[in-house]
Amino acid sequence: MRHLRTLLALTVAMTFVLGLSVALRPVELPPTATRHCNETVLTAAFGTVTSSSCDGELASRVVALVDPSVREVADILDIGWGRRVDIVVPASETELVSLVGPAFADMAGIAIRDGSGQRVVINRVRASALSDVELSVLLRHEITHVATRDLTSDSAPLWLVEGFADWVAFHGMGLSLRQAAPLLTSDVSALPVDFSGPGRDLAYQQAYSVMVYLESGLGERGVVDFFLRNAATSAVDSGAGLGAVDVAGWREFLRTSIG
C-alpha cells in the first residue's frame, strides 16, 4: 500500500492517456521475444487480456482483476458505456512503443484509442512490480478513462479528467485524504494547471482532492454529475465554469482535513 499514491502521482499529463509509473527498480523478467512465446488471450466476463504466453503470471493476475475492476467503476459510473475493457500486455519494448509511443513507454499503464478501438496497454516490466491492490488501482483509473472517453471533450481540463479518474480509482479503499495525497497543503489559490512541469505530482493530488471536496458537499452521485456536466465542454478551461468549484471552500476543506 505504501506505493499506492506514488502510482497515481508519477504521471504524464495527457488527456485520456494517463501513464502510471512506480518508484521501484524494474523487476527482471524473462525475455518474451523468443520462438517459445505465443500470443495468448485470456477472457473474463467483462473483457480480455492479450499477452505473450511468457507473461502468463502477469496476465493471470490482470484477468482476475478485470471483472471486479469493471464492476467497481460501473457501480460509480451509472452511464451508458460498454462495461468492458480489452487489455494488451505487449511482449517486448518494441511492441510497447509501437502502441503508446516512446514518450509513454516507461509508464505502467495507458488507456489508448486507435484503429482497434479503446484499449488499456500494460507495461509488463512496471506492472509486474505492483501488488494486486496497486494493480487494481491502475486498472480502475484506466477503465474510468475508457468508460468516459466518448462523453468527454478533448479540451476538458486535466484537473477534472485526471482528478475524477483518481477519485474513482481510490473510491472505497478507506484511505484518508492525507494517505491518498501526501503532498497536499491547504495553500491553494486556484485549480491546478501544471500537469507536466515540476509541480506535476502535486497537481494530480490537488485534482484528486477537488473531487473529494466536491463529494463532501454533493455526495457521490453529485461528483459524477459534476464531472459529466463539465467534462463535456471546454468551458471550464476558459473560466466560465470555475464558479462550480468554490476555491475558497476547497481551501478551507483542505485546512480542516489535513491541517
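Predicted model: local features only at pLDDT ≥ 70, side-chain atom pairs only at ≥ 80, totals over all residues.

**Aromatic rings**

Residues are numbered from 1 along each chain as its sequence is written, and side-chain values use heavy atoms, with hydrogens and water left out.

I then searched the whole structure for aromatic pairs and found six. The ring centres of Phe195 and Tyr204 lie 5.0 Å apart with the planes at 85 degrees, so this pair is edge-to-face. For Phe, Tyr and Trp (its six-membered ring), a pair needs centres within 6.5 Å, and planes under 30 degrees apart count as stacked, over 60 as edge-to-face and the rest as tilted. I also noted a cluster in which ring pairs link Phe164, Trp167 and Phe227.

**Helix packing**

I took helices (H or I, at least four residues) and strands (E, at least two) as DSSP runs numbered from the N terminus. Helix α6 (residues 158-170) packs on helix α8 (residues 200-231) at an angle of about 90 degrees, with the axes 8 Å apart. That makes α6 roughly perpendicular to α8, a label for angles of 65 to 115 degrees, whereas under 35 is roughly parallel, over 145 roughly antiparallel and the rest oblique. Axes are lines fitted to C-alpha atoms, for helices over the stretch in contact, and angles run from 0 to 180 degrees between N-to-C directions.

I next followed α8 to helix α10 (residues 247-258), where the axes come within 10 Å and cross at roughly 95 degrees. These two helices, α8 and α10, are therefore roughly perpendicular to each other. On the α8 side I listed Gln206, Ser209, Val210, Val212, Tyr213 and Ser216, which meet Gly249, Trp250, Phe253 and Leu254 in α10, contact meaning heavy atoms within 4.5 Å.

**The sheet**

I traced an open sheet of five strands in the order β1-β2-β3-β5-β4, with mixed pairing; two strands pair if DSSP finds at least two bridges between them. The edges are β1 (39-44) and β4 (109-114), each with a single partner strand, so one side of each is left without a neighbour in the sheet. Within the sheet, β3 (residues 85-88) and β5 (residues 117-122) run parallel and are joined by two bridges.
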